[in-house]
Amino acid sequence: MRSAPGGRARWLVRTNALVVAWLGLAVVVAVGHRWIPAASWLMTHLLLLGAASTALLIWTAHFAQALGRRPLPGGTRQQAVRLALHTLGAVAVVTGLVTTVGAAVTAGAAIVAGTVLWHAAALVGALRGGLGGRLSWTTWAFVASALALPVGAFLGRLLVSAGGELAGRAYVGHVASMLLGWVGLAVVGTLVTLWPTMLRVQLDDAAERAGRRGLVVLAGSLAVQVAGTGIGWRWLLVAGLAGYVVGLVVAWRPHVAQVRRRPPEGFAPWSVGAGLAWLAGAVGVWAAVAATSPTWATLQGRTGALVAPLAVGFTGQVLLGSLAHLGPMALGGGPGAVRAARDVVDRGAGARLVLANGGLLLFVLPAPSLVRVAASMLALVALAATPALLVRAAVVARRARRSAEASGTRGLPVAVPGGLEAPRRRHRRSALAGGVALAVAVAGAVAADPAAAGLGAAADAGVAATGRVVEVEVVARDMRFEPASVTVESGDRLVVVLANADDVAHDLVLDSGASSGRVAPGGTGRLEVEVVGRALDGWCSVTGHRQMGMTFRVEVAGAETAGTGPAPGHDGGHQDPAAAPSAAEDLDLMADPGLGFEAYDAALPPAPDAAVHRVRLEVTEVEREVAPGVRQTVWTFGGTAPGPVLRGRVGDRFEVTLVNDGTIGHSIDFHAGALAPAGPMRTIEPGEELTYTFTATRSGIWMYHCSTMPMSLHIANGMFGAVVIDPPDLPPVDREYLLVQSELYLGPQGGTADERAVADETPDAVAFNGYAAQYDHAPLPVRVGERVRIWVLDAGPNRATSFHVVGGQFETVFREGAWLLGGPGAAPTTGGAQALALQPAEGGFVELVLPEPGQYPFVSHVMVDAERGAHGLLDAR
């Protein structure tokens with residue numbers, strides 16, 4: 001394909017700068033995922049709704065005009081208006097979903113859908129009035145793609161307000177419409193023309209016919225998928241997904257033959273080819289999980305796990321590869337400038353491709369969590385390199401163009417030093433370097449957590465093999481292995497088939513390093529020991545599960561029964577105090593907080609006017625300071641511990657979407673709602689989400705928390721929060737604060753809570769709002785004579801509290817839904833209260849008026865806990 005004319009080229013360069021900007025935002029969110037709420041979801045929408053959709057509007061218009069030999073109605077002026085409207089709508093959707101403002105989501109989705117329909121009408125106008133080139137029919141693929149987006153937008157908006165089975169169907173249909181329809185149809189249609197130009201080969205008739213047939217199959221299959229989700233026929237969805245795979249095979253079979261004849265050169269075709277491989281693989285897996293999922297809710301969670309391969313592996317790589325190919329041509333400036341820009345974009349191509357695809361593959365496979373983290377970071381770096389190189393390529397092309405104009409060589413052919421073999425050799429060396437970097441990262445992650453990777457001391461103890469095989473089925477159920485032990489003869493081969501009958505993932509790890517790997521709920525795994533020569537200890541390495549009793553024992557007949565215990569460094573998730581000292585050694589409650597300290601905002605805003613509260617809570621793992629001198633990795637709802645405060649009134653409806661962006665299974669339990677726990681409180685695995693809907697029928701301050709076992713560890717490590725439901729006729733006050741008391745059981749610096757200390761009920765510190773003694777360093781302001789209401793919740797998991805303000809007296813006390821002192825219509829009294837006593841998971845509030853200026857300490861009058869950090873200051877002015 002030739003370079004675009006000057007004016008068109010400038011248009012493409014300027015508009016594609018918007019695509020690169022969206023990509024940059026997605027990279028920023030990915031890098032800062034630990035500090036940005038709903039990071040993985042936000043990154044996905046910035047990539048798909050922002051970068052990919054913008055690129056599709058630009059390039060489908062460009063190809064439709066080039067192939068139909070007629071500009072779109074309205075020219076670039078109307079195209080600019082459509083791009084501006086799409087950007088406005090995309091920003092509104094993202095903002096509305098982040099802030100849970102439904103009106104913004106609705107308005108943004110309507111703007112995006114209307115803009116894309118306008119774009120489709122323009123494509124049809126160009127097609128009907130064009131000269132009818134050989135490949136102008138591909139424009140109909142762009143039109144079909146554009147028609148899929150409003151369907152996806154409607155289903156996405158429905159997802160925000162739907163619950164139960166409808167939410168699952170809406171989510172699956174939304175993903176299918178957006179990724180397989182809006183993106184997939186446009187990509188396949190574009191590549192009918194673009195792929196041969198990437199390979200520098202002629203488009204033969206067979207490839208053209210295959211593309212036409214394949215697109216018809218793809219569009220029909222998509223319609224079947226959407227119909228299946230719409231009427232709730234899961235097997236219709238399965239048929240549609242299977243048909244989509246068939247359509248990809250039909251469309252791309254001739255192109256694969258072209259690749260065999262002429263292997264791709266450079267980053268662009270390899271990136272696009274890898275993206276299409278991810279598309280075919282992900283849709284094939286999707287069809288399999290749709291066929292095996294018992295409910296739409298289960299399928300919703302499993303579909304969520306496939307969004308990363310579809311969004312990053314397919315969409316991201318096709319987008320980056322296409323920009324790498326088209327960008328230098330759009331920059332123009334003659335052969336020399338185009339070559340210079342392309343050389344920049346191809347820098348480290350092999351390493352970038354290996355790291356991106358290898359890292360993403362390790363992330364989606366059931367690898368140990370540290371391996372997945374390391375691999376995902378390398379993949380992110382590799383993918384982020386392309387937008388940076390595109391910016392650099394624009395600078396280099398501009399310089400090359402000016403140099404050629406000055407020397408009079410612009411437009412002359414440019415020789416490739418060393419021929420085609422030179423860049424190929426560079427790419428091979430670069431790919432090898434990327435493979436080495438990936439292997440080193442994996443090795444480092446395995447070394448940091450060897451038990452989870454199946455490494456340990458030899459099991460044979462030097463004995464000879466007998467040739468006998470002992471096979472046993474072990475069931476993981478209710479945080480136990482059944483049976484919990486097996487006896488074999490010395491020298492026997494042991495095969496353990498692990499069946500997971502729980503609703504959370506488990507594994508079985510032996511101290512020899514043998515491992516079943518993570519087994520999903522309802523799945524099976526296999527563990528083998530070639531020769532058993534000594535007794536072996538086993539356990540589930542998922543954090544906290546061994547503490548709950550998930551241990552296993554392999555006995556050797558006639559041998560000593562004392563176990564060898566886990567090999568050093570193979571504690572399967574336990575933190576070894578000898579290897580990693582507790583951060584409690586660095587705890588100093590009298591010291592100042594570290595740099596960047598910002599106290600948890602205890603001010604409680606009034607209940608919003610809305611009767612329906614839609615909230616999105618993302619489970620994230622965040623390393624942060626929890627006391628002066630102490631940093632821990634806490635598991636959070638929404639990025640904070642405690643999680644976000646929810647407030648409403650009796651009769652309000654709460655629709656909470658829980659997204660698990662952690663590395664282990666989590667759940668949520670709202671005490672403010674009364675409903676059967678089996679469905680909404682179930683544990684979801686990483687990458688899954690569920691919607692929890694309840695109606696607040698009774699007033700009070702209610703706890704919410706993770707209910708995944710061991711529940712004590714999940715609560716102790718930060719997974720708790722408060723729901724405030726105002727009592728009817730709650731009188732207004734001048735100021736309201738909320739304090740959630742919890743205990744800190746400190747693991748090593750940067751580690752998670754010490755599960756042994758949790759079980760032994762020996763906290764190292766006690767905190768209000770997640771940070772010990774933070775309100776000594778950031779006192780809560782009040783004014784003399786103001787009526788102050790302080791809500792208090794004891795999140796535990798183990799310690800009671802007796803909340804007291806030194807120097808103050810409570811005029812009103814509300815505890816566990818009942819007015820104990822004062823309240824609406826209460827008779828005047830000379831009585832008062834000095835403390836609000838609460839057991840774990842209980843809550844209430846007190847009201848008081850401070851009589852004179854000064855600092856008034858508030859504490860738990862369980863004094864040992866006050867001395868552990870359950871204290872702060874009210875600063876009265």
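**View 1. Helix H7 and the residue that follows it.** In this predicted model, helix H7 runs through residues 205-231 and contains 27 residues. The distance from its first C-alpha to its last is 40 Å, close to the 39 Å expected at 1.5 Å a residue. The buried residues of H7 are Ala 207, Glu 208, Ala 210, Gly 211, Gly 214, Leu 215, Leu 218, Ser 221, Leu 222, Gln 225, Gly 228 and Thr 229. An α-helix has 3.6 residues a turn, so residues three or four places apart point the same way. After H7 comes Gly 232, which has a positive phi, near 80°.

**View 2. Helix H12 and its buried residues.** Helix H12 covers residues 349-364. Its 16 residues should span 22 Å at 1.5 Å a residue, and the end C-alpha atoms are 23 Å apart, which agrees. Buried positions in H12 include Ala 349, Gly 350, Ala 351, Arg 352 and Leu 353. Also buried in this helix are Leu 355, Ala 356, Asn 357, Gly 358, Gly 359 and Leu 360.

**View 3. The largest nonpolar core.** This core has 117 residues, of which Leu 180, Trp 182, Leu 279, Trp 286 and Leu 310 touch the most other members. Helix H6 (residues 164-199) gives the most to this core, with 21 residues. Apart from it lies another core, of 56 residues, among them Leu 498, Val 542, Val 656 and Ile 725. In soluble globular proteins, nonpolar side chains tend to be buried together.

**View 4. The surroundings of Leu 180.** Neighbours within four places in sequence are left aside here. The remaining contacts of Leu 180 are Val 175, Leu 185, Leu 222, Gln 225, Leu 241, Tyr 244, Leu 279, Val 283, Trp 286 and Leu 310. Two of these, Leu 222 and Gln 225, are buried residues of H7.

**View 5. A nonpolar patch on the surface.** Val 81, Leu 85, Leu 88 and Trp 118 form this patch, and together they have about 320 Å² of accessible area. Helix H3 (residues 75-99) gives the most to the patch, with three residues. Trp 118 is found in helix H4 (residues 102-129). With a relative accessible area of 30%, Trp 118 is partly exposed.

**View 6. The setting of these details in the chain.** The protein chain holds 18 helices and 27 strands. Of its 877 residues, 54% are buried. Its accessible surface comes to about 34,500 Å², and carbon and sulfur atoms account for 60% of that surface. Among contacts between residues at least 6 apart in sequence, 77% join residues at least 24 apart.

Conventions
Residues numbered from 1 in each chain as written. Predicted model: local features only at pLDDT ≥ 70, side-chain atom pairs only at ≥ 80, totals over all residues. Heavy atoms only, no water. Patch = residues over 30% accessible without salt bridge, like charges linked within 9 Å, V, L, I, M, F, W, Y side chains within 5 Å. Areas by Shrake-Rupley, 256 points an atom, 1.4 Å probe, with all protein chains shown as cover. Salt bridge = Lys/Arg side-chain N within 4 Å of Asp/Glu carboxyl O. Helix = DSSP H or I, 4+ residues; strand = E, 2+ residues; numbered from the N terminus. Buried < 20%, exposed > 50% of the residue type's maximum accessible area, 1.4 Å probe, protein only. Contact = heavy atoms within 4.5 Å. Expected span 1.5 Å × (residues − 1). Core = buried A, V, L, I, M, F, W, Y, C linked by side-chain atoms within 4.5 Å.
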